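Please have the sequence and the model at hand.

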Amino acid sequence: MSHRIVTEADFQLGPDLSGKRIVVAMSGGVDSSVVAALAARTGAETIGITLQLYDHGEAIGRAGSCCAGRDIRDARAVCDRLGIAHYVHDHESAFRETVIDQFADEYVAGRTPIPCVRCNMGPKFTDLFKLARALGADCLATGHYVRRVEGAQGAELHRAADPARDQSYFLFATTQEQLDYLRFPLGGLPKSRVRELAAELGLGVAAKPDSQDICFVPDGDYASLVRKLRPEAEAGGDIVDLAGRKLGEHRGLIHFTVGQRRGLEIGGSPKPLYVVRLDPAQRRVIVGPRQALAVSSAQLSDINRLGPTDGALTAKVRSLAKPVPARLTDDCIVFGDPEYGVSPGQAAVLYAGDRVLGGGWIEQTHAAKGTLAA
């Protein structure tokens with residue numbers, strides 16, 4: 001059985017891993033635990049590192065709860081079972097500054113943030129990268145569902161073999177230097193097989209459920225967190241139509257995102273109304289019919305390139321959206337057909353087939369011609 005398990009994961013460090021050192025980013029979940037077990041089975045020296053990123057007890061409102069709750073204990077238990085070293089590093093203050101505070105600020109600014117990308121750009125990859133290098137590791141392995149492919153020009157980032165688990169959208173900001181050093185051994189496996197491996201390896205987290213919410217908002221109540229950090233975000237305002245006519249009132253922009261239909265609590269319209277854009281300066285929610293959401297292009301910032309972006313490509317503007325034909329001109333993504341639900345604060349991630357070419361942050365959208373919002 002051990003031979004079959006070993007051959008299911010490739011750490012891309014050559015045929016003989018004896019004498020190699022692998023650092024594994026361990027969250028306490030089943031995916032990173034399986035990566036640690038697979039790494040240990042290769043014969044390489046394996047070290048698990050868990051970043052303590054937030055106060056779990058405070059996040060769930062339970063006094064006296066362990067700082068990162070069950071996850072750190074689970075990661076440590078897996079490492080104990082595997083007989084490998086496990087270190088916990090306190091990055092709570094840096095995580096608050098680079099992820100949580102920015103998350104709140106984005107909502108106050110009327111944008112829709114993606115904290116998981118910010119975390120990957122900061123604490124997860126940047127900080128873990130430094131720690132792994134300091135430990136003399138040959139690579140840093142994670143449990144992300146993406147594939148690292150050795151191409152003619154170096155390492156490439158590709159979508160996972162299991163489309164239902166693909167996490168490439170959240171890793172678009174990975175730099176080439178990071179990609180050269182990172183390894184994603186689960187990218188070619190379906191999640192069902194990973195759970196089977198966890199059971200075969202006797203890991204106590206084999207049946208642990210996947211987290212469904214942002215880690216520092218375990219109850220899913222984003223508005224409550226933002227309100228706590230930025231009380232001004234609770235200021236109400238008007239809901240208006242595209243012509244500026246008042247249709248109702250709202251209790252804070254933090255409760256709305258572009259494309260949202262539910263929760264507007266206004267009636268009298270013959271057609272369903274959607275949030276078309278948010279106006280933080282005047283604290284207004286602008287609504288309109290679905291066709292008003294049509295976007296022809298979007299301005300991007302902080303574009304990261306992992307491959308040539310001057311040809312035909314596809315783009316995803318939300319994590320669950322399907323890639324659509326597009327082209328990148330300077331810092332502007334132009335869609336082949338009008339795209340809907342494009343929200344500032346989200347990312348436009350670029351692909352050529354399964355390969356991730358990079359992406360950027362959506363700063364501003366341009367309404368498609370002929371729409372009421374144009």
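## Aromatic pairs

Phe-103, Tyr-107 and Tyr-222 form one aromatic cluster. The model is a predicted one, and the structure holds five aromatic pairs. One of them joins Phe-172 and Trp-361: the ring centres are 5.5 Å apart and the planes stand at 70 degrees, so this pair is edge-to-face.

Phe-172 is located in the loop between β6 (154-159) and α7 (176-181), while Trp-361 belongs to strand β17 (residues 355-367). The pair therefore ties together parts that are 189 residues apart in sequence. Phe-172 has a relative accessible area of 0% and is buried. Trp-361 is buried too, with a relative accessible area of 2%.

## Charges over rings

For Arg-133, the charged end sits over the ring of Tyr-181, at 3.9 Å from the ring centre. For Arg-159, the ring is that of Tyr-351; the arginine lies over its face, 4.5 Å from the ring centre.

## A four-stranded sheet

In what order do the four strands of the open sheet run? The order is β9-β8-β11-β10, and the pairing is mixed. At the edges are β9 (246-250) and β10 (274-279), each of which pairs on one side only. On average, neighbouring strands of this sheet are turned by 30 degrees against each other, with direction ignored.

Strand β8 (residues 237-240) and β9 run antiparallel and are joined by four bridges. Asp-238 stands opposite Glu-249, which is in β9.

## Cysteines

How many disulfides does the model contain? The count comes to zero, taking a disulfide as a pair of cysteine sulfur atoms within 2.5 Å. Cys-139 is in no disulfide, and the nearest cysteine sulfur, that of Cys-79, is 15 Å away.

Is Cys-139 buried or exposed? Cys-139 is buried, at a relative accessible area of 0%. Cys-332 has a relative accessible area of 15%. Because buried means under 20% relative accessible area, Cys-332 is also classed as buried.

Notes
Residues are numbered from 1 along each chain as its sequence is written. This is a predicted model: local features need pLDDT of at least 70, side-chain atom pairs count only at pLDDT 80 or more; totals for chains, interfaces and linings use all residues. Side-chain values use heavy atoms; hydrogens and water are left out. Buried means under 20% relative accessible area, exposed over 50%, partly exposed in between (1.4 Å probe, protein chains only). Rings of Phe, Tyr and Trp (its six-membered ring) pair if their centres lie within 6.5 Å; planes under 30 degrees apart count as stacked, over 60 as edge-to-face and the rest as tilted. Helices (H or I, at least four residues) and strands (E, at least two) are DSSP runs, numbered from the N terminus. A charge sits over a ring if NZ of Lys or CZ of Arg is within 6 Å of the ring centre and within 35 degrees of the ring normal. Two strands pair if DSSP finds at least two bridges between them. Axes are lines fitted to C-alpha atoms, for helices over the stretch in contact, and angles run from 0 to 180 degrees between N-to-C directions.
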